[in-house]
Amino acid sequence: MSAENRSDPFAGPDAPLKLDREDAPEILQLIIEQSRAAIYLLVGKQFPIINQRFEELFGVSRREANSPEFDFMDLVAPESRPLIVERAEAYGRGEAIPNDYEFTALTAEGRRLEVFASTVRVSFRGQEGTLGILRDITAQKEAAEALRASEEKYRTLVERANDGIVILQGDTIAFANSQAAALTGFDVEELPGRSFVEAIPPEYRDTLIGRYTERLDGERVPALYETEILHRDGTRIPVEVNAGRISYGSQPADMIILRDLTSRREAEARLRESEAERAMILDSVNELIAFQDTELRIVWANRTAIESAGLTAEEIIGRHCYEIWPGSSEPCENCPVERAMATGRSEKQEITTPDGRVWFIQGAPVIDEDGTVTGAVETTLEITDLRRAEEALRESETSLRTLFETMVEGVAWVTPDGGFVRANQAAEEILRLEKLPDGNVYDTPRWELIGEDELPLEENQNPCLLACSGTEPIKNMLVGVRHPEGDLTWINLSITPVSDGAGAIQASVWTFFDVTERKLLERQLFQSQKMEAVGRLAGGIAHDFNNILTVISGNAQLGIMRLKEADPLGERLQTILQAAGHAEDLTRRLLAFSRRQITSPRTLDLNEILEGLQPMLERLLGEDVKAIFDLTEERGAVTFDPTQLEQMLVNLVVNARDAMPEGGTLTIGTGITTLDAAYARIHPYVEPGQYVFVAVSDTGTGMTEDIKDHIFEPFFTTKEDGTGLGLATVYGIVKQSGGSIELESTTGEGTTFTIFLPLADETPESYRQEEFRAELPWGSETILLVEDEEGVRTFAAETLGELGYIVHDFAAPEDALAFCRTGEIPLDLILSDVVMPGSSGSELVQDIQQYHPDTPVLYMSGYTDDHIVRQGILDDDVEFIPKPFTPYDLARRVRDILDD
């Protein structure tokens with residue numbers, strides 16, 4: 001090793017292996033090539049140095065990087081470009097900036113990389129440049145490959161010199177070739193006859209003359225030595241001199257061969273500069289890099305390796321690597337450096353030291369021109385943080401996978417053509433997805449998608465096409481999924497499109513949950529609200545109609561009472577009474593549907609009611625229909641108005657009979673069941689608990705879906721002579737009693753109505769019909785009558801007046817109150833309408849009883865919707881007579897109250 005190389009701060013005086021200068025570039029170049037970091041040197045807009053790892057990492061060759069079209073910022077992701085620009089601007093302002101930083105890079109193929117960068121400003125051949133070391137920290141499994149220098153720049157360190165030949169006779173030039181002439185700057189013809197010594201700089205002439213003299217004296221002198229030649233223009237050219245005695249023209253002469261050393265000296269200068277650059281580069285990387293001989297002794301190590309050992313370069317050089325890392329007396333087990341020298345190829349290994357740190361070690365063999373392994377380059381990188389991050393990632397993936405699989409919502413990865421690639425358990429259950437035999441993807445769904453209007457979705461409404469037509473997510477889309485089995489599942493669907501780096505939609509993520517139950521509940525609620533609205537209308541009409549009927553039927557009965565037996569007008573009045581009776585039945589049905597009918601509930605045994613009605617129901621069915629009564633042995637009590645219960649059962653039986661025009665079978669069954677909270681959620685007005693049910697089934701024509709949607713609406717009928725109030729009345733009675741009614745029907749197979757009534761805790765009482773008393777009781781008490789309907793007021797006043805009562809009647813509540821304030825006339829009974837303009841009956845009674853306390857009260861109304869009769873059920877403390885009423889009804893009710 002030359003003295004010049006011995007000045008290397010990393011070389012030790014006792015190094016057992018010496019390297020010639022010619023070996024250094026190859027070794028340093030190999031070290032750079034084996035580096036796992038991407039390294040570049042940027043001078044202006046040129047890249048004198050770009051290593052192979054840089055090209056592999058970014059997909060940019062050195063030739064492409066040095067082309068006019070290349071811009072270094074193309075390798076920087078848009079979000080990181082402001083950082084690079086800011087660093088450049090800060091440097092331009094003379095501010096101190098950190099050498100190490102991180103940014104996001106883009107490869108030529110558009111792949112994104114997270115990069116850790118170390119940059120320093122350097123001087124390269126008199127120009128300022130940037131030296132950068134880039135490490136791919138996206139994966140960090142593979143380190144950067146060895147640095148790659150410009151093969152073209154360093155391919156030839158020393159070019160072949162042009163030799164000049166000069167023949168001297170004494171000091172005079174006898175011959176010179178063109179190369180010698182080129183060295184001196186003279187023409188070939190000008191050199192012969194000139195003194196050779198004059199071409200030598202003065203300070204070298206004595207040495208040259210001395211050697212010439214010694215050679216003439218026969219002494220041994222070096223044949224080769226170096227000196228300088230003076231060019232004609234005064235410049236000095238370094239040359240190598242090879243002198244020898246010859247005979248020229250039969251005369252002794254000296255032949256001087258002059259080899260121009262200019263290229264060699266320039267190459268040596270470039271080599272020294274290159275060595276310094278490479279050493280600077282390798283000292284800048286964070287990897288531990290060391291060159292070892294075949295005995296694993298360290299020949300050279302970079303700054304990072306030296307600092308990691310806590311020693312100096314002199315203390316490391318010449319020692320075995322395993323003595324320093326990890327401080328052992330023998331090579332590491334399965335050492336990758338030993339394996340690399342044995343196999344002649346790169347070897348890798350990952351080890352964990354006792355302190356828990358993880359290291360990645362790579363050994364690369366150094367092979368000479370003969371193919372002999374002369375050593376190896378070891379690169380070591382600590383990857384403890386990487387392994388911890390990978391473990392954390394695995395744990396995170398496990399957690400996310402568990403969360404994904406246990407989510408209540410369905411989540412699926414769907415291709416643009418509608419294929420399901422990945423789905424969680426909820427998605428599989430909701431959509432009934434089935435995996436293909438290989439178990440990787442799902443079979444193509446064979447269901448039909450339904451829109452919110454319950455019609456099949458058009459092609460342009462398909463969720464997959466909608467997701468692929470734009471980058472905006474689709475949120476809360478209500479979609480029905482009709483399965484091959486025919487049933488329908490409703491889902492609330494949100495879709496997020498997934499695009500690649502170029503913005504093209506690759507797939508979409510579906511998130512959804514089953515809203516079938518909610519959809520059913522909304523449908524039930526809508527139907528209930530619709531029925532409620534119709535009921536309010538029907539109840540209002542019935543109320544007004546009852547006032548009219550009270551006047552019509554009451555006056556007709558008064559007229560009959562006043563006629564003689566043979567009076568022909570009696571038949572006409574009877575006709576009026578019959579028509580009024582039909583009208584009363586109509587209003588009674590409307591009130592039942594609207595749940596405003598006045599009821600007198602009693603605790604009854606449902607089976608007892610059915611057993612009592614069985615003969616009548618069988619007569620209604622006729623001979624073509626077979627009746628089966630399947631009554632439960634466990635008898636259940638219900639709190640119900642017996643008249644309404646009979647009416648409800650008769651309506652259902654008649655409806656079933658009409659559905660079997662050619663005969664069939666009617667089955668009436670009873671039982672006790674429990675309706676839970678889940679049932680109550682989708683059936684408004686039903687409380688969870690035990691219920692008695694009665695099911696009426698027929699084998700008739702059945703119903704279509706459209707008919708089932710309207711079957712309980714008033715005036716809806718499929719019969720030519722039907723009123724459309726039969727099933728509407730049943731619906732109203734059931735709802736008013738806190739029960740529920742279910743309908744199951746299939747076209748051509750029959751229909752079943754199932755009514756659920758709350759199970760009563762009380763012991764049922766025996767049911768018998770009340771006998772009608774035809775006599776009209778008389779009286780002489782004083783009655784205050786308040787009714788805003790003139791016809792009703794006149795009829796009531798005349799009826800009571802003819803029965804002997806003293807009646808004071810008023811249309812307005814304020815007039816009645818003014819009459820009572822005097823207190824001069826005692827009152828035995830107050831007969832008042834419930835709802836009147838300006839005041840309610842209860843408010844009027846409270847005011848009157850200030851002046852006539854303890855006076856009994858009888859209320860009358862076409863329907864009740866206030867606090868006196870809550871929910872249509874009579875309060876024990878309230879006396880009430882519903883409209884329309886007859887003279888007999890009024891007379892008996894008034895007399896009962898007064899006698900009480």
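Helix axes are lines fitted to C-alpha atoms over the stretch in contact, and angles run from 0 to 180 degrees between N-to-C directions. Helices (H or I, at least four residues) and strands (E, at least two) are DSSP runs, numbered from the N terminus. The model is predicted, with local features needing pLDDT of at least 70 and side-chain atom pairs counting only at pLDDT 80 or more, while totals for chains, interfaces and linings use all residues. Residues are numbered from 1 along each chain as its sequence is written, and side-chain values use heavy atoms, without hydrogens and water.

Beyond four places in sequence, Ile755 is in contact (heavy atoms within 4.5 Å) with residues including Met648, Leu652, Val730 and Val734.

Helices α20 and α23 pack at about 140°, with axes 9 Å apart. Met648 and Leu652 are among the α20 residues that meet α23, where Val730 and Val734 take part.

Elsewhere, the axes of α24 (residues 790-802) and α27 (residues 887-899) come within 10 Å and cross at roughly 60°. Phe795, Ala796, Thr799 and Leu800 of α24 make this contact with Pro887, Leu890 and Val894 of α27.
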